[in-house]
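Have a look at the model below before reading on. The notes after it go from the overall picture down to single residues.

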Amino acid sequence: MAGVPEADEAPEGGGGIRSVLTIGSLVSPSGNEVHFPELDGKIIGLYFAANWYPKCEAFTPVLAAAYQQLKGRGAGFEVVLVSCDEDRPSFERFHRTMPWLAVPFGDLRCKKRLSGRFQVEGIPRLVVLAPDGEVVHPDAADLVHRYGEGAFPFSAARVAELEADDQRKYASQTLEKLFSVDGIKKEFVTGGNGQVPISSLVGKTVGLYFSAHQCAPCMKFTAKLAGMYSSLKGKAEDFEIVYVPMDKEEDGYLRSCSDMPWLALPYDGAPSRALARYFDVREIPTLVVVGPDGKTVTRDGRNLVNLYFDMAFPFTDAQIRLRQEAEDKAAKGFPQSLRHRGHRHELSIVSEKSGGGPYICCECEEQGLGWAYQCIACGYEIHLRCGGSAGTG
Ligand SMILES: [Zn+2]
Ligand SMILES: [Zn+2]
């Protein structure tokens, strides 16, 4: 068979994007076959996704918004969906939410070949190809999340530029600048008794709380955060929290506000979205902590509150190191193993070094890190403190 190319191989000559796709037609969102689509000379994003996966569902509109912007300004960019859907109706429904073409659902061979070629293991995945078919970026999904259309053309040079911009922004960050990201200047936040000028927060440690009413983990964490907040207020610490609403409905926003004893940005999506993008907030609840100098202390406030409660304050590396040392000492006082009412096997104590790691506590359903009681066989883990509620024996 020497010298005879297999059907799966790229056709001779040509090169470019067609040698990657190797098929003459794609399908439009309305289901029409498109012969020889206009892909030549463009940057192509191969979008591997499936409708049944929430991360794909969430990413699709983000990519679509960037795509429309790029189209609007005439950038040479196209996206081709390579669906990982399991049946045709799901594929068609999912594809109709997108403004770009797709590899035909029935072309399993092409899909398999592309997945293999680009070693697609997780989705969503956006493989960006240059007009000559070379890979520009193996997975630009993160970049699109972070920078939207600004990520184009996804090259190493562009990424370096964006990251340098970020570094400059973060280095010169002040609280006032944060509330005017993307040129939307806010001078006040809403407090219980009316408007509070942002200038009055300068010099304090400020938690930016990205959350929404219709979100079970948020409601749970809000209660914990409120406990920490009142404890810090009781100690007269220079601390404030500002609710950054991720609510999709004003009703939910108003209810969130009535649940929260702290300040809030108004229900006007733009400043909140700008802040979420600036801090690259991917999930809620998220607690970003800004220090008295206006610089970011941590974006991991949620985890730190779960771990150390009010002892996490002021959330600095030095404070967290102290807490970790204290935890290491305290862990020695906990039993090496115990039984927990939620699990039928004995749990043993682990630290981050001995098999622990980030986990979700099966007792309080919040994040944990470092010390835990764990059943290795089942992956059942709880905070050391949450083990106490079960008693030993
Ligand atoms: Zn717990
Ligand atoms: Zn078990």
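**Ground rules**

Residues are numbered from 1 along each chain as its sequence is written, and chains are lettered from A and ligands numbered from 1 in the order in which they are written. As this is a predicted model, local features need pLDDT of at least 70 and side-chain atom pairs count only at pLDDT 80 or more, while totals for chains, interfaces and linings use all residues.

**The whole protein**

Start with confidence, given as pLDDT (the predictor's confidence in each residue, from 0 to 100). The average for the protein is 89, and 94% of the residues score at least 70. Residues 1-13 are another story: pLDDT stays under 50 there, and the model has 5 contacts beyond four places in sequence for that stretch. A contact here is a pair of residues whose C-beta atoms, placed from the backbone, lie within 7 Å.

The C-alpha atoms fill a box of roughly 75 × 55 × 40 Å along the principal axes. Inside it you'll find 13 helices and 20 strands. These are DSSP runs, numbered from the N terminus: H or I over at least four residues for helices, E over at least two for strands. Of the 393 residues, 34% are buried. That label takes 20 or more other C-beta atoms within 10 Å of a residue's own, whereas 12 or fewer makes a residue exposed and anything in between partly exposed, with C-beta atoms placed from the backbone. Among contacts between residues at least 6 apart in sequence, 56% join residues at least 24 apart.

The domain assignment gives domain 1 (16-163), domain 2 (175-323) and domain 3 (334-390); such bounds come from an automatic or database assignment. Taken over C-alpha atoms, the centres of domain 1 and domain 2 are 35 Å apart.

**Helix α3**

Which residues of α3 are buried? In this helix, residues 88-95, they are F91, F94 and H95. Seen down the axis of α3, the buried residues fall within an arc of 95 degrees, so they line one face of the helix. The arc is that of the directions from the helix axis to the C-beta atoms. Their packing partners are β4 (77-83) and β5 (101-102).

**A hairpin and a sheet**

β8 (residues 188-191) and β9 (residues 194-197) pair in the antiparallel sense over 4 bridges. Two strands count as paired if DSSP finds at least two bridges between them. There are 2 residues between β8 and β9, and the two form a hairpin. F188 stands opposite P197 in β9.

Further along, 4 strands make an open, antiparallel sheet in the order β15-β16-β19-β20. Its edge strands, β15 (337-339) and β20 (380-382), each pair on one side only. From one strand to the next, the twist averages 30 degrees, with axes as lines fitted to C-alpha atoms (for helices, over the stretch in contact) and angles running from 0 to 180 degrees between N-to-C directions.

Zoom in on the β19-β20 pair: 3 bridges join β19 (residues 372-375) to β20, and the two run antiparallel. The bridge partner of Y373 is I382 in β20. Is I382 buried or exposed? I382 counts as buried, because 26 C-beta neighbours sit inside 10 Å. Leaving out residues up to four places away in sequence, I382 touches H340, C361, C362, E363, A372, Y373 and G387. The C-alpha atoms of I382 and L369, 13 residues apart along the chain, are separated by 10 Å.

Most residues other than glycine have a negative phi, and most peptide bonds are trans.

| Cis peptide bond | Omega | Location of the proline |
|---|---|---|
| F152 and P153 | about 5 degrees | P153: loop between α5 (141-147) and α6 (156-171) |
| I284 and P285 | about 0 degrees | P285: loop between α10 (269-278) and β13 (286-290) |

F154, in the loop between α5 and α6, has a positive phi near 70 degrees. F154 is buried, with 21 other C-beta atoms within 10 Å. E365 also has a positive phi, near 60 degrees, and lies in the loop between β17 (359-360) and β18 (367-368). With 12 C-beta neighbours inside 10 Å, E365 counts as exposed.

How values were computed:
Contact = placed C-beta atoms within 7 Å.
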